[in-house]
Amino acid sequence: MSSRLNAKNNSALNWKEEAWNPILGCNIASAGCRHCYAMGIAGNLLRKGVSKYEGLVDLSRRYPVWTGVLRPDLKRLELPYSWTKPRRVFVNSMTDLFEQAVPDDYLLKIWEIMAKTPWHLYFLLTKRPERLQHFISKIAKRTLPNLWIGASVEHQKTAERIQFIRETPAAIRFISFEPLIGDVGKINLKEIDFIYVGGESGLRARPMQHEWIEHIFQTARRDGTGFSFHQWGAYGEDGIKRSRKENGNLFKGKTWHEIPVSAYDFVLEASKRWQSQQCLSGKSAKRDLFHKISENPLLL
């Protein structure tokens with residue numbers, strides 16, 4: 001596909017990866033959340049005495065479970081300003097930014113920080129794309145060219161999330177079919193830039209079937225959407241449970257990392273401009289860049 005590239009060959013991928021979590025806690029949205037890695041991490045941190053997770057995760061059960069309580073982590077809110085070198089930033093890797101309990105005012109503050117740091121590439125994944133769509137279209141009223149937005153889809157019952165992402169103004173749109181725990185049925189991937197597919201890992205992992213992946217792969221080929229395969233997870237292509245590393249990440253005998261050629265263009269340009277303006281005008285460069293970005297209309 002001439003409009004795609006192998007992500008490993010892109011210089012932007014040499015940037016340091018970061019997870020930015022300005023919100024703590026979460027709530028189970030659908031079946032894909034049942035064995036969420038973040039619940040386990042939060043539970044372990046609470047057991048070790050990390051007090052900021054107090055009340056956010058229930059340790060009385062066999063495995064930690066979110067209580068549904070969320071709170072801001074103000075100490076981490078402005079962390080991206082301290083990263084002067086470009087980074088790829090996973091926004092709220094430990095929760096869902098668009099959980100209903102998160103106030104719009106706080107979301108606007110997060111949006112402002114991403115706008116003021118255009119030398120970073122932010123990617124945001126949600127299981128609540130209907131609120132994301134409303135927020136961008138009606139409240140923020142602007143897209144950010146350094147932000148990729150996506151939704152998680154684990155089976156047919158959650159496939160409607162694709163339509164919300166397709167209808168949301170964005171620079172780059174993606175879908176994560178991970179953990180893929182069931183067939184997604186008939187889907188439309190048009191206007192979705194790329195997708196990730198992956199199986200579930202961990203002790204309680206549910207197996208992923210080859211035909212589910214094949215169906216998504218063929219749909220991506222039909223609709224011109226980039227295809228990336230992350231992992232088989234706890235169960236291999238042969239259905240045998242073993243370590244995630246042993247099962248690997250080969251599909252059809254090869255690795256897949258298809259990302260749109262244009263996905264990194266703005267961020268690469270902004271990072272160069274930022275470094276140049278840092279030398280010339282120091283901290284004022286942050287305000288100048290934000291002023292330019294804030295005038296951008298919605299990208300349809």
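Mentor: Partly exposed means a relative accessible area between the buried limit, under 20%, and the exposed limit, over 50%. Keep that in mind. This model is predicted.

Trainee: Why is arginine 76 called partly exposed?

Mentor: Its relative accessible area is 35%. Buried needs under 20%, and exposed needs over 50%. Arginine 76 therefore counts as partly exposed.

Trainee: Where is arginine 76 found?

Mentor: Arginine 76 is in helix H2, residues 74-77. Asparagine 21 lies 55 residues from arginine 76 in sequence. In space, the two are 6.7 Å apart, C-alpha to C-alpha.

Trainee: What about cysteine 36?

Mentor: For cysteine 36, the nearest cysteine sulfur also belongs to cysteine 33, at 6.5 Å. Cysteine 36 is in no disulfide.

Trainee: What makes cysteine 26 count as buried?

Mentor: Its relative accessibility is 8%. The limit for buried is under 20%, so cysteine 26 counts as buried. Cysteine 36 has a relative accessible area of 24%, so it is partly exposed.

Trainee: On to the strands. Why is S9 called largely enclosed?

Mentor: Strand S9 covers residues 147-152. Six of its six residues are buried, so the rest of the structure largely encloses S9.

Trainee: Which residues point which way from S9?

Mentor: Leu147, Ile149 and Ala151 point one way. Trp148, Gly150 and Ser152 point the other way. All are buried. In a regular strand, side chains alternate between the two faces of the sheet.

Trainee: How do you know that S8 and S9 pair?

Mentor: Pairing takes at least two bridges. Five bridges join S8, residues 121-126, to S9, and the strands run parallel. S8 and S9 therefore count as paired. One of the bridges sets leucine 125 against glycine 150 in S9. From S8, the chain crosses through helix H4, residues 129-140, to S9. This β-α-β crossover is right-handed.

Trainee: Which strand do five bridges join to S9 in the lines of S10?

Mentor: Strand S10, residues 172-177, is joined to S9 by five bridges, and the two run parallel. Isoleucine 149 has arginine 173 in S10 as its bridge partner. The chain crosses from S9 through helix H5, residues 161-166, to S10. This β-α-β crossover is right-handed.

Trainee: What makes S12 largely enclosed?

Mentor: Five of the six residues of S12, residues 226-231, are buried, so the rest of the structure largely encloses S12. Five bridges join S11, residues 194-198, to S12, and these strands run parallel. Glycine 198 stands opposite glutamine 231 in S12. Between S11 and S12 the chain crosses through helix H6, residues 210-223, and this β-α-β crossover is right-handed.

Trainee: Last topic. How many cavities of 30 Å³ or more does the search find?

Mentor: The search of the whole structure finds one. The largest cavity has a volume of about 30 Å³. Its lining includes Leu147 and Ile149.

Trainee: How many residues of the lining are nonpolar, polar or charged?

Mentor: Seven are nonpolar, one is polar and none is charged. Ile136, Pro169 and Ala170 are among the lining residues. Ile, Pro and Ala count as nonpolar.

Technical notes:
Residues numbered from 1 in each chain as written. Predicted model: local features only at pLDDT ≥ 70, side-chain atom pairs only at ≥ 80, totals over all residues. Heavy atoms only, no water. 1 Å grid on protein atoms, 1.4 Å probe; cavity = no way out; pocket = protein on both sides within 12 Å on 5 of 7 lines; lining within 4 Å. Points joined across faces, edges and corners; volume = space filled by probe spheres on them. Buried < 20%, exposed > 50% of the residue type's maximum accessible area, 1.4 Å probe, protein only. Helix = DSSP H or I, 4+ residues; strand = E, 2+ residues; numbered from the N terminus. Right-handed = clockwise from strand over helix to strand, strands pointing away. Disulfide = S-S within 2.5 Å.
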